[in-house]
Amino acid sequence: MLEHFCECYSDLSGPILCPVLGSITPLFIPNSRIRPIRLIGLCASLITFLYSPVPRIQFDPSTAKSQFVESLRWLPYENINFDLGIDGISLFFVILTTFLIPICILVGWSGMRSYGKEYITASLIREFLMIAVFRMLDPLLFYVFPESVPIPMLCGAEHLLFAGIKLFLCRGLVQMLLAILLILLQTGTTDLQISLTTEFSERRQIFLWIASFASFAVKVPMVPVHIWLPEAHVEAPTAGSVILAGIPSKLGTHGFLRFSIPMFPEATLCSTPFIYTLSAIAIIYTSLTTSRQIDLKKIIAYSSVAHMNLVTIGMFSWAAAVRLPILSYGHTRPKHVCRACDPSTY
């Protein structure tokens, strides 16, 4: 019976559609009926949470490939599809997302009097966007959804205006879009599975890596493009601060791990010392800054920056170890080592 249930419900569209339907339903209920609005939001988030671990039952941990892949033709004339899939990392990120949203709704339960409908709708749309990010196998849509996550977090909050402006100014929107268009021109598609098997030239890898770095570094965030996070934490309500620390700050490292590192291995190896330097500066700077704060939300914000930069160091250390094992490093330069990071070329 359990296997039959998994066969019927192991698809990935359910946890994405459920928050969407839950966010649309309150729009047809008057603001005066706040109780059914809250109950609909809570029930939709709980159903999504119960749905999210189902793929784990049939998940095969012995392979690194994406599983439960679904494809929907979106722009067929450009060979761009709505591809969904899940791997061992995104599986637990989705569960974490669906676990936090009901908690945030309960945290704001008593405060949903004036803007209850807006609060529930924004929370469920934010859940939909974050789940879609972790299950998206198309770089173009992976570009669209993470950039959309801050919108429901900032909508209707005038005190978050300055934090939103700082976030918008920091984001490398144009660079990332250019990188995706170059990938589309070379591969003829934005399918991640095809892009991962495509060999890019050394110069193109470096350019594409820099373009993607401009976007992902803001989401980590890395110094000096971290200025938006403390402001957002301080001005956001408690539920928004919980979500901000729990999920959106992980989108940058997830982007590095899923796209930049596997697609541009030579450029990743070249940029590893640069990443080490930036991350070490961020860890020291934000740790010292944290020790001087008296606001709990600022303490959480600055310590989150230090934690995520520590994760970035570990992630690029692993990538460098895979590409250039210490035990196999000899007097000859391996073929996969880029000339820019080979000392013999200088």
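Student: What volume does the second largest pocket have?

Tutor: This is a predicted model, and the second largest pocket in it has a volume of about 440 Å³. Of the 17 residues that line this pocket, A64, D87, L196, L257 and R258 are the closest to its centre.

Student: Which helices each supply at least two residues of the lining of that pocket?

Tutor: They are α5 (88–107), α11 (192–196) and α15 (251–263). The largest share, 5 residues, comes from α15.

Student: How does the lining of the second largest pocket divide by class?

Tutor: It has 9 nonpolar, 5 polar and 3 charged residues.

Student: Which residues line the largest cavity?

Tutor: The lining consists of P139, M176, A179, I180, I183, L208, S212, F259, S260, M263 and F264. At least two of the lining residues come from each of α10 (173–187), α12 and α15, and α10 gives the largest share, with 4 residues. By class, the lining of the largest cavity has 9 nonpolar residues, 2 polar residues and no charged ones.

Student: Which residues line the second largest cavity?

Tutor: Its lining is formed by F142, Y143, P146, E147, M176, S215, F216 and K219. M176 belongs to the linings of both the largest cavity and the second largest cavity.

Student: Let us turn to single residues. In which helix is F145 found, and is this residue buried or exposed?

Tutor: F145 is found in helix α7 (residues 139–148). A residue is called buried when its relative accessible area is under 20%. F145 has a relative accessible area of 10%, and therefore counts as buried.

Student: Which residues are in contact with F145, leaving aside its neighbours within four places in sequence?

Tutor: They are F82, F128, L129, A132, V133 and M136. A further distance may be read from the C-alpha atoms: F145 and I131 are 14 residues apart in sequence and 9.4 Å apart in space.

Student: Where is S52 found, and why does it count as buried?

Tutor: S52 lies in the loop between α3 (34–51) and α4 (54–58). It counts as buried because its relative accessibility is 0%. A polar atom of the S52 side chain lies 2.8 Å from the backbone oxygen of F49. Not counting residues up to four places away in sequence, S52 touches L91, V94, I95, T98 and R135.

Student: How should I read the buried residues of a helix, and which are they in α2?

Tutor: An α-helix has 3.6 residues a turn, so residues three or four places apart point the same way. In helix α2 (residues 14–24), the buried residues are G14, P15, I16, C18, P19, G22 and S23. They pack against α3, β2 (80–86) and α6 (116–135).

Student: Finally, what does the secondary structure of the whole chain come to, and what share of its residues is buried?

Tutor: The protein chain has 17 helices and 2 strands. Buried residues make up 51% of its 346 residues. Of the contacts with a separation of 6 or more, 77% are between residues 24 or more positions apart. The chain exposes about 17,000 Å², of which carbon and sulfur atoms supply 68%.

Terms used:
Residues are numbered from 1 along each chain as its sequence is written. This is a predicted model: local features need pLDDT of at least 70, side-chain atom pairs count only at pLDDT 80 or more; totals for chains, interfaces and linings use all residues. Side-chain values use heavy atoms; hydrogens and water are left out. Buried means under 20% relative accessible area, exposed over 50%, partly exposed in between (1.4 Å probe, protein chains only). A polar contact is a pair of N or O atoms within 3.5 Å; within protein, one must be able to donate a hydrogen and the other to accept it, and residues adjacent in sequence count only if both atoms are side-chain atoms. Contact means heavy atoms within 4.5 Å. Accessible areas come from the Shrake-Rupley method with a 1.4 Å probe; for residues, only the protein chains shown count as cover. On a 1 Å grid over the protein atoms alone, a cavity is a set of points where a 1.4 Å probe fits but cannot get out, and a pocket is an open set with protein on both sides within 12 Å along at least five of seven lines; lining residues have an atom within 4 Å of a point. Grid points are joined across faces, edges and corners, and a volume is the space filled by probe spheres set on the points. Ala, Val, Leu, Ile, Met, Phe, Trp, Tyr, Cys and Pro count as nonpolar, Asp, Glu, Lys and Arg as charged, and the others, Gly among them, as polar.
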